[in-house]
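I opened my notebook next to the sequence and the model. My entries follow in the order I looked things up.

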Amino acid sequence: MTPPLITHLYTADPSAHVFEGRVYIYPSHDRETDIEFNDNGDQYDMTDYHVFSTTTLDPPYGEDAVTDHGVVLRAEDVPWASKQLWAPDAAFRDGKYYLYFPARDKTSVFRIGVAVGDSPAGPFTADPEPIPGSFSIDPAAFVDPDTGDAYLYFGGLWGGQLQCYQGTVAGGSADAHGVPPFDAAWQGPQEPSGSGVAALFPKVAPLARDMRTFASPARDLVILAPETGEPIAADDHDRRFFEAAWMHKRGGKYYFSYSTGDTHYLAYALGDSPLGPFTYAGRILEPVLGWTTHHSIAEFQGRWWLFHHDCELSKGVSHLRNVKVREIFYDDEGKILPLAAE
């Protein structure tokens with residue numbers, strides 16, 4: 001079994017990037033809590049972020065294999081946030097590093113913020129307001145290595161509130177940033193369902209040059225079923241998007257990967273544009289120990305790696321997770337060879 005990469009803290013949702021010749025990992029920082037487990041995710045009560053870096057991805061990991069750069073951002077340092085610093089991501093442009101993160105605002109609605117630093121190891125200083133036009137959770141930043149264009153992908157069902165933005169409020173209309181009204185009636189573990197109903201899709205927005213605003217409103221990142229060419233069905237929980245957006249590019253193809261949530265798979269879809277559409281292509285990882293599954297994919301020293309988490313250290317406590325990493329491989333057609341759970 002692959003050992004945890006980080007063992008002195010509970011960490012999850014690892015977003016990995018290669019900066020300055022090292023792998024930097026931007027995870028959630030899980031902590032003990034008395035909050036009862038529920039499908040809204042209240043027990044995931046994180047309050048800060050650490051950054052880690054390494055040049056060693058093959059186990060066994062020595063004591064000094066991973067550097068903990070310490071706390072780089074706290075909830076109390078984010079003026080607009082009230083609680084729950086969930087899965088973050090990072091990006092680099094024009095000499096600055098950007099940390100993207102979700103949190104509940106003062107009205108308990110999830111928004112996405114950005115914090116800026118001079119080093120990939122932090123610290124980061126949060127902007128005073130969330131990104132205009134942002135909502136839901138799980139931001140994933142992608143800077144196209146060929147064009148230099150930057151995008152932010154995001155969204156999460158149930159506790160992540162994506163289902164609250166369907167434009168279903170009577171008489172409602174989108175705001176100045178193209179965001180439908182927040183429908184509180186959809187909060188909690190619910191989502192569209194029924195015959196002929198399409199799944200809700202993750203969102204994507206091009207980032208402006210400043211990396212702190214959207215260049216245009218967020219739009220659906222459409223995922224199609226390969227057998228029909230139609231959008232994935234809402235009732236297809238083995239393949240529909242739930243949370244944990246990630247984008248990488250290999251061989252001229254764009255790979256959008258994600259978690260299916262209540263069926264616990266890591267899946268992916270292929271496309272020819274970072275804005276989609278994408279066609280479902282298969283699974284990357286089978287269910288692991290614990291309820292959630294969340295990941296990133298990065299190339300380092302000519303090899304491709306899947307960063308993910310499970311609950312080995314806590315012996316199955318779903319909100320106390322640990323980061324792991326496994327090498328992944330592609331077939332001659334560019335398909336990812338699926339990994340079995342350990």
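Entry 1: I looked at the pairing of strand β11 (residues 150-154) with β12 first, and found them antiparallel, joined by 4 bridges. Strands here are DSSP runs of E with at least two residues, helices are runs of H or I with at least four residues, and both are numbered from the N terminus. Two strands count as paired if DSSP finds at least two bridges between them. Y153 has V204 in β12 as its bridge partner. I then turned to the other neighbour, strand β13 (residues 219-220), which pairs with β12 in the antiparallel sense over 2 bridges. In β13, R219 stands opposite V204.

Are the faces of β12 buried or exposed? In strand β12 (residues 203-206), K203 and A205 on one side are buried, and V204 and P206 on the other are buried too. I use buried for under 20% relative accessible area, exposed for over 50%, and partly exposed for anything in between (1.4 Å probe, protein chains only). Side chains in a regular strand alternate between the two faces of the sheet.

**Entry 2: ground rules.** I noted that this is a predicted model, where local features need pLDDT of at least 70, side-chain atom pairs count only at pLDDT 80 or more, and totals for chains, interfaces and linings use all residues. Residues are numbered from 1 along each chain as its sequence is written, and side-chain values use heavy atoms, with hydrogens and water left out.

**Entry 3: the whole chain.** I checked the secondary structure and got 0 helices and 21 strands. Along the principal axes, the C-alpha atoms fill a box of roughly 60 × 45 × 45 Å. Of the 342 residues, 58% are buried.

I looked at contacts next, meaning heavy atoms within 4.5 Å. Among those between residues at least 6 apart in sequence, 54% join residues at least 24 apart.

Entry 4: I found A90 in strand β6 (residues 89-93). A90 counts as buried because its relative accessibility is 1%. What does A90 touch, leaving out residues up to four places away in sequence? Its contacts are H17, Y26, Y98, L99 and A141. I also took the C-alpha separation of A90 and V288, which is 25 Å for residues 198 apart along the chain.

T11 sits in strand β1 (residues 11-19). T11 is buried because its relative accessibility is 1%. Beyond residues up to four places away in sequence, T11 touches I6, P27, S28, F52, H309, R321, N322 and V323.

**Entry 5: loops.** I placed T147 in the loop between β10 (140-143) and β11. Its relative accessible area is 48%, so T147 is partly exposed. The C-alpha atoms of T147 and A126 are 27 Å apart, with the residues 21 apart along the chain.

I then listed cis peptide bonds. One joins P59 and P60, with omega about 0°. P60 is in the loop between β3 (48-54) and β4 (66-74). Another cis bond runs from G122 to P123, with omega near 0°. P123 belongs to the loop between β8 (110-117) and β9 (125-126).

Positive phi came next. E20 is not a glycine, yet its phi is about 55°. E20 is in the loop between β1 and β2 (22-29). E20 is exposed because its relative accessible area is 61%. H264, also a residue other than glycine, has phi near 70°. I found H264 in the loop between β16 (253-259) and β17 (266-271).

**Entry 6: around β18.** Which way do β17 and β18 run? They are antiparallel, with 6 bridges. The two strands form a hairpin with 6 residues between them, and G276 in the turn has a positive phi of about 85°. Opposite G271 stands F278 in β18.

I also checked strand β14 (residues 223-224), which runs parallel to strand β18 (residues 278-285), with 2 bridges between them. I223 stands opposite F278 in β18.
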